[in-house]
Amino acid sequence: MSPRHNRSRGGEKPESQPGDHGHRYGGAQRTETWQGEEWYVRLVAGASAPGKRYRCPGCDQEIPAGAPHVVAWPEWGGVDDRRHWHKACWNAKDRRTSRVQRSRNAPKY
């Protein structure tokens, strides 16, 4: 017996939910307060992460494609204001200095 396949039958796509901001990532979304602002925070599992690499603003290191991470953006912000963070960097954001320094051999992008 062959396994079942849950495939789309070509019906209508569900409309985006309020507060979804057109996000294509899975995961639970929550709201956190940071620096006096409300931030939307969404966990991205490694399996649902897109095949792109991102630069973490917390440590200035690269997040490899397919790695689990956190996407955060201010409540007032849009798609262009989203930032991809390592989970540990997001959790430690209050303990970090305001200026991250790169090592000598770090790429400048």
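Reader: Over the ring of which residue does the charged end of Lys93 sit?

Author: This is a predicted model, in which local features need pLDDT of at least 70, side-chain atom pairs count only at pLDDT 80 or more, and totals for chains, interfaces and linings use all residues. Residues are numbered from 1 along each chain as its sequence is written, and side-chain values use heavy atoms, leaving out hydrogens and water. A charge sits over a ring if NZ of Lys or CZ of Arg is within 6 Å of the ring centre and within 35 degrees of the ring normal. For Lys93 the distance to the centre is 4.0 Å, and the ring belongs to Trp90.

Reader: In which order do the strands of the open sheet run?

Author: Strands (E, at least two residues) and helices (H or I, at least four) are DSSP runs numbered from the N terminus, and two strands pair if DSSP finds at least two bridges between them. Strand S1 (29-34) and strand S6 (83-85) each have a single partner strand, so one side of each lacks a neighbour in the sheet. S2 and S5 pair over 6 bridges. The pairing in the sheet is antiparallel, and the order of its 4 strands is S1-S2-S5-S6.

Reader: Which residue in S5 is the bridge partner of Val44?

Author: S2 and S5 are paired in the antiparallel sense. The partner of Val44 in S5 is His69.

Reader: How many residues make up the largest nonpolar core?

Author: A nonpolar core is a set of buried Ala, Val, Leu, Ile, Met, Phe, Trp, Tyr and Cys residues joined through side-chain atoms within 4.5 Å; buried means under 20% relative accessible area, exposed over 50%, and partly exposed in between (1.4 Å probe, protein chains only). Among the residues with the most contacts inside the largest core are Val41, Cys56 and Ala72. Strand S2 (37-44), strand S5 (69-74) and helix H1 (87-91) each supply at least two of its residues. The core's residue count is 13.

Reader: How far apart in sequence are the parts tied together by the pair of Trp34 and Trp85?

Author: Rings of Phe, Tyr and Trp (its six-membered ring) pair if their centres lie within 6.5 Å, with planes under 30 degrees apart counted as stacked, over 60 as edge-to-face and the rest as tilted. Trp34 and Trp85 are edge-to-face, at 5.9 Å centre to centre and 85° between the planes. Trp34 lies in strand S1 and Trp85 in strand S6, so the parts tied together are separated in sequence by 51 residues.

Reader: Is Trp85 buried or exposed?

Author: Its relative accessibility is 7%.
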